[in-house]
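Have the viewer ready and follow along.

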Amino acid sequence: SYPEANVLMARHYYNVLYDFQDDMQAIKGTTEADKKKKADLKVKMTESADKLIVYSQTASDLYSAKPTLKAGERGNYKVVNGYLSTAYEVKGDKVKADEYRKKSEANN
């Protein structure tokens with residue numbers, strides 16, 4: 001019932017997701033070991049995206065259920081919808097990614 005707690009957890013998993021992405025981009029080689037490292041990191045990114053979706057979706061639903069949002073709540077609502085867009089991009093779901101990107105942009 002507290003969207004802020006979900007925003008905090010979503011922010012954590014968003015950062016974890018990007019840490020894995022940075023690690024993946026740092027791998028420049030094309031050896032089998034490098035390919036395996038990248039594949040392992042992709043799995044970890046997908047797992048983090050799944051967790052990011054849970055917390056972001058919960059926060060988004062709680063904010064959208066409120067009749068009016070304060071300025072900070074509007075900002076958090078925009079952020080979690082942006083997180084949802086990113087998470088679905090990582091998972092390869094372009095339709096959902098675009099849906100949440102539009103939601104985030106509409107909340108300016």
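Two residues are in contact here when heavy atoms lie within 4.5 Å. Keep in mind that this is a predicted model.

With that cut-off, start with the packing of α1 on α3. From α1, the residues Glu4, Val7, Ala10, Arg11, Tyr14, Leu17 and Tyr18 take part, and they meet Glu73, Asn76, Val79, Val80, Tyr83, Thr86 and Val90 of α3. Sorted by class, this contact holds nine nonpolar, two polar and three charged residues.

Helix α3 covers residues 71-91 and helix α4 covers residues 94-106. On the α3 side you'll find Tyr77, Lys78, Asn81, Gly82, Leu84, Ser85, Tyr88 and Glu89, which meet Lys96, Ala97, Tyr100, Arg101, Lys103 and Ser104 of α4. By class, the residues of this α3 and α4 contact split into five nonpolar, four polar and five charged.

Two packed helices are described by the angle between their axes and the distance between the axes. Here are both pairs:

| Helix pair | Axes come within | Crossing angle | Handedness |
|---|---|---|---|
| α1 and α3 | 10 Å | roughly 40° | left-handed |
| α3 and α4 | 8 Å | roughly 165° | left-handed |

What does the crossing at roughly 165° say about α3 and α4? Angles over 145 degrees count as roughly antiparallel, so α3 is roughly antiparallel to α4.

Next, the nonpolar cores. The largest one has 18 residues, and Leu17, Met45, Leu52 and Tyr88 are the ones that touch the most other members. Helices α1 (3-26), α2 (32-65), α3 and α4 are the elements giving two or more residues to this core. There's another core apart from it, made of five residues, including Val7, Ala59, Tyr63 and Tyr77.

Which residues does Leu17 contact, leaving aside its neighbours within four places in sequence? They are Met45, Ser48, Ala49, Leu52, Thr86 and Val90.

Thr86 shows up in that list, and Thr86 sits in helix α3. Is Thr86 buried or exposed? Its relative accessibility is 13%, and buried means under 20%, so Thr86 counts as buried. Again leaving aside neighbours within four places in sequence, Thr86 is in contact with Tyr14, Leu17 and Tyr18.

Note on methods. Residues are numbered from 1 along each chain as its sequence is written. This is a predicted model: local features need pLDDT of at least 70, side-chain atom pairs count only at pLDDT 80 or more; totals for chains, interfaces and linings use all residues. Side-chain values use heavy atoms; hydrogens and water are left out. Axes are lines fitted to C-alpha atoms, for helices over the stretch in contact, and angles run from 0 to 180 degrees between N-to-C directions. Helices (H or I, at least four residues) and strands (E, at least two) are DSSP runs, numbered from the N terminus. Angles under 35 degrees count as roughly parallel, over 145 as roughly antiparallel, 65 to 115 as roughly perpendicular and the rest as oblique. A crossing is left-handed if the near helix is turned anticlockwise from the far one by less than a right angle, and right-handed if clockwise. Ala, Val, Leu, Ile, Met, Phe, Trp, Tyr, Cys and Pro count as nonpolar, Asp, Glu, Lys and Arg as charged, and the others, Gly among them, as polar. A nonpolar core is a set of buried Ala, Val, Leu, Ile, Met, Phe, Trp, Tyr and Cys residues joined through side-chain atoms within 4.5 Å. Buried means under 20% relative accessible area, exposed over 50%, partly exposed in between (1.4 Å probe, protein chains only).
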